[in-house]
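This report describes selected strands and charged pairs of one structure. Please look at the sequence and the model before reading on.

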Amino acid sequence: MVLVARGAVAAAPRAEMESLATLAARMPGISHATYAFTEQGVPSLREVVVALRDRPFAEIRIVPLLLPMEPSFRAWLGRTLARWQTGWDREGPAVRIGPGPISSVHLEGLVADLIDRAGHEPLFDPESHPPVTGSVVSAAQRRVLVCRGGPCSEAGSAVLWGHLRNEQERLGLRTAGRGMMSATTSCLGPCSLAPVVQVWPEGTVYGGLDETGIDRIVAEHLLRDAPVETLAYTADGRKKRLRTP
């Protein structure tokens, strides 16, 4: 069983997920429980699913802990899982994707408990939260934009965003090479090429990406200043069709 959240970088939220997984592991019929993130955070859902395939489990249950639960989440997660499986050399355990917290018959009791607990918290004191007095301006010369418009989100751009952010942290990309910062953005335009990523200052548009494509962009474009031509689409005023592998 895999508890799934969007993302977490700090130790505290990861510890919360660990506690929830420990709690779930004590439940009847659960032989193993862990957690994963679909966006930034370690472990990623991809690495957890890959690891579980090599263990003698008949079934993997993915339980999203998301509020609100966007209707597209289960759809793109299903497509992402299917894409991962096309690269595997053998079948693994069966997979089930849960409906999310809002469907639980126990949700009313949970909300009531949280409301009651809020009533016992100390009153908010503005003086205990002084304003931030300054920030360091990044010297990074590159900006990597990951489209989170509708078609790109449906094509799994959240997973690619998480993979990019994890690699950015692991490889120290903020300062490596010319340095880079990353951000999600609304629609970048070429929706038929989803999921789309754009790298500045060149303005190079990449489409139809998966995790391997992100790895190539990092290794070649960001670290060696060599845009990946086989993944890029030129801005020449003509309509582009997504290349097939």
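Helices (H or I, at least four residues) and strands (E, at least two) are DSSP runs, numbered from the N terminus.

S2 runs parallel to strand S1 (residues 2-5), and four bridges join them; two strands count as paired if DSSP finds at least two bridges between them. Opposite Thr34 in S2 stands Val2. Together with helix H1 (residues 11-25), S1 and S2 make a right-handed β-α-β unit. Right-handed means that, with the strands pointing away from the viewer, the path from the first strand over the helix to the second runs clockwise.

## Basis of the model

The model is predicted: local features need pLDDT of at least 70 and side-chain atom pairs count only at pLDDT 80 or more, whereas totals for chains, interfaces and linings use all residues. Residues are numbered from 1 along each chain as its sequence is written, and side-chain values use heavy atoms, with hydrogens and water left out.

## Salt bridges

The whole structure holds 15 salt bridges, each a side-chain nitrogen of Lys or Arg within 4 Å of a carboxyl oxygen of Asp or Glu. In one of them, the closest N and O atoms of Arg148 and Glu39 are 3.7 Å apart. This pair links distant parts of the chain, 109 residues apart: Arg148 is in the loop between strand S5 (142-147) and helix H5 (150-154), and Glu39 in the loop between S2 and helix H2 (45-53). Arg148 is partly exposed at 28% relative accessibility, whereas Glu39 is buried at 13%.

Asp113 and Arg117 lie four residues apart in helix H4 (residues 107-118), about one turn of the helix. Their salt bridge has its closest N and O atoms 2.9 Å apart. Asp113 is partly exposed, with a relative accessible area of 33%, and Arg117 is exposed, with 51%.

Asp225 forms a salt bridge with Arg178, the closest N and O atoms being 4.0 Å apart. The two residues are 47 residues apart and link distant parts of the chain. Both are partly exposed, Asp225 at 44% and Arg178 at 30%.

Salt bridges with shared partners join Arg6, Glu39, Glu70 and Arg148 into one network.

Terms used:
Buried < 20%, exposed > 50% of the residue type's maximum accessible area, 1.4 Å probe, protein only.
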